[in-house]
Amino acid sequence: MNELVAEKTLLKLTRFAIGAVVAVNLAMVAIRFLDGLPLGVDSTSHLFRIMIMSKSYLENGYIPQWNPDWYGGATLFLLYPPLSYFFTFAVSLIDLGPVLAYKLVDSAFLILGPVAVYYLASSAGLDKTEGVLAAFLFSFSPTIVENYLFYDRFPSIVSLPLVCIFMIALSRALAGRRRLFFMASSGGLFGITILTHHLSALCAAMFAFLLALTRGLSGRRSRALAFSMTITTTVLLVGFSLSSFWVLPFIMTSDQLLGNPFYNRNVEFPFIRLS
């Protein structure tokens, strides 16, 4: 009898969590689709790139590499991973325009976030109820809510589902299920994450090594740890190689930035913080 009551209570709580996740995400998406430009702190700094791309392409037939309006003139994507902007630009060409395309992509990846967290929890061995709880905690995390509604850090919003899917693929590669396929797919996903938001990719790399460490230490074979670390390192190198056409110039430019005597070192920390 007590077990039956407990199961019913758990089912009700699961349904409540699902409803809450859907409600909070729809509420946040509804705010994003209010008339006018998105009002997040960083919204315009991301949206204007897509608007420049769209305007230049429609008027001149090409995407510019130089932005005359940013810091008195700068390359458009040298210090910013380009993939989320190019993806949104492609969506804008479906007769939507850059502003609506931005809102659609921003909202779609926000909704994909808890879904990806649910499947990540399932791949980690959690049951359905625990997976729903993980998605619930993710959706109601103050960091996630303020990131979308207040700051609108567009590339990080897009990257969060990618990090989850990357971890799922890497977990399966470490488990030995179609290892080569999942090594290739996780390497590709890591490269995509770098080209979307490099700081999220840095976090993903740390998560990857942590996963390899736990898998290696829990393995029965004596070389399990070395094997897990080798697979993970290979995957990360594949992703880095795929994104190297952007990463290497970015690293070289960052070094020049730090060497600039006029660079304000009081704001150095925000460039490297893991947010």
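## Spaces and a helix contact

Helices α4, α6, α7 and α9 each supply at least two residues of the lining of the second largest pocket. Helices here are DSSP runs (H or I, at least four residues), numbered from the N terminus. This is a predicted model, in which local features need pLDDT of at least 70, side-chain atom pairs count only at pLDDT 80 or more, and totals for linings use all residues. Residues are numbered from 1 along each chain.

**The second largest pocket**
- A pocket is an open set of points on a 1 Å grid over the protein atoms alone, with protein on both sides within 12 Å along at least five of seven lines; lining residues have an atom within 4 Å of a point.
- This pocket has a volume of about 560 Å³, a volume being the space filled by probe spheres set on the points, which are joined across faces, edges and corners.
- Its lining has 21 residues, and L160, V163, C164, C203 and F207 are the closest to its centre.
- By class, the lining divides into 12 nonpolar, 7 polar and 2 charged residues; Ala, Val, Leu, Ile, Met, Phe, Trp, Tyr, Cys and Pro count as nonpolar, Asp, Glu, Lys and Arg as charged, and the others, Gly among them, as polar.

**The cavity**
- A cavity is a set of grid points where a 1.4 Å probe fits but cannot get out.
- The whole structure has 1 cavity of 30 Å³ or more.
- α4 gives the most to the lining of the largest cavity, with 3 residues.

**Helices α8 and α9**
- The axes (lines fitted to C-alpha atoms over the stretch in contact, with angles from 0 to 180 degrees between N-to-C directions) of α8 and α9 come within 6 Å and cross at roughly 140°.

Conventions. Side-chain values use heavy atoms; hydrogens and water are left out.
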